[in-house]
Amino acid sequence: MSIAATRLYEVCDRTWPAARRFEHGTWTLREGQGGGKRVSAATASGPVDSADIDLAEQEMRALGQTPLFMIREGDEALDALLEARGYDIVDPVVMYTIPTDRLTDRPIPRVTAFEIWEPLAIMREIWAQGGVGPARIAVMERAAEKTAILSRWKEKPGGVAFAALHDRICMVHAVEVLPHQRRQGVAGWMMRRAAFWAQARGATHLAVLCVEQNAAANALYQAMGFTEQGRYHYRQIPT
C-alpha cells in the first residue's frame, strides 16, 4: 500500500517537531533553535509570488535563521522562483515506508537492540559523533510518542536511532552506527526493533528519510524492502 507524500510530510513535522510552527499568510514557518533544516524551513500552503517570498525571508531572519525553504511535491513554481533568486538546492531527500509486519516477521536476537527513553549517556555520545548534538536531542524531546533505540553488536555499543509515532506511522530519525560497527546489520536490527515498538502501538508502517547522496543507506533501506513514497529538497540562500 502506498502512503501519500502529503501524509508523510505531516508525519515528519510531528515526529521531528520544531520549537514553534506557525502560519503567516500562505506560509508555514518553523523556529528551529539550531535543530536542523527540517525544523527551520518554510513551506508554502498554496501559490506564492515574489512578494510572498520577501515576507517569508523577513520572518525567518527575524527568527535569527537563514532563509530556507522546503520544496515538496507540487511546489514546482516556488522552486523556479527561488532558483531565479539564486537559491541553491540543498539535501534532496527520499521518503521511504514499509509495513511494520514486514519487519516483525522474526525475533530480534537477545541483547541486540533495546528501546530506551530517555537516551543514555552512551547514546548521546554516539549521536554527537554523527553531528546530532543537544539541539537535535531537544527536537526529540518535543515529540509526543517516542522512543530511542540502542544497538549492541559483538558485546559493544553499535548504534542509535530515534523513533516517534503519528497517524499510525512510525518515522525513524537520527540513525547513527559507529564506524567500526557498520556493514554488519546493526541498522537493520534497529529498524526491526523500532517496528516492534511501533506495531505494539497500532502503527501500520515504518518510515525513514534518506538524503539522495547517501548511497549506502539508500541501498540498505531498499534491500530491507522499503519503497519510495516521495521526495523533497531544500532551497537555501547562499551565505
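This is a predicted model: local features need pLDDT of at least 70, side-chain atom pairs count only at pLDDT 80 or more; totals for chains, interfaces and linings use all residues.
Visitor: Which residues of helix 4 are buried, and where do they sit around the helix?

Guide: Take residues 121–129, the span of helix 4. Buried here means under 20% relative accessible area, and Met123, Ile126 and Trp127 are buried. Looking down the axis, the buried residues fall within an arc of 100°, so they line one face of the helix.

Visitor: Which exposed residues does the face turned away from the buried side carry?

Guide: For exposed, the cut-off is over 50% relative accessible area. On the face of helix 4 turned away from its buried side, the exposed residues are Ala121 and Gln129.

Visitor: In what order do the strands of the open sheet run, and what are the edge strands?

Guide: Eight strands make up this open sheet, with mixed pairing, in the order 4-11-5-10-9-8-7-6. An edge strand pairs on one side only, and that gives strand 4 (68–71) and strand 6.

Visitor: What angle does the direction of helix 4 make with that of strand 8?

Guide: Helix 4 packs on the sheet, where it touches strand 6, strand 7, strand 8 and strand 9. What covers its buried residues includes those strands as well as helix 5 (134–142). Against the direction of strand 8, the direction of helix 4 makes about 90°.

Visitor: Over at strand 4, which residue in strand 11 is the bridge partner of Ile71?

Guide: Strand 4 and strand 11 (residues 227–236) run antiparallel, joined by four bridges. In strand 11, the partner of Ile71 is His233.

Notes
Residues are numbered from 1 along each chain as its sequence is written. Side-chain values use heavy atoms; hydrogens and water are left out. Buried means under 20% relative accessible area, exposed over 50%, partly exposed in between (1.4 Å probe, protein chains only). Helices (H or I, at least four residues) and strands (E, at least two) are DSSP runs, numbered from the N terminus. The arc is that of the directions from the helix axis to the C-beta atoms. Contact means heavy atoms within 4.5 Å. Two strands pair if DSSP finds at least two bridges between them. Axes are lines fitted to C-alpha atoms, for helices over the stretch in contact, and angles run from 0 to 180 degrees between N-to-C directions.
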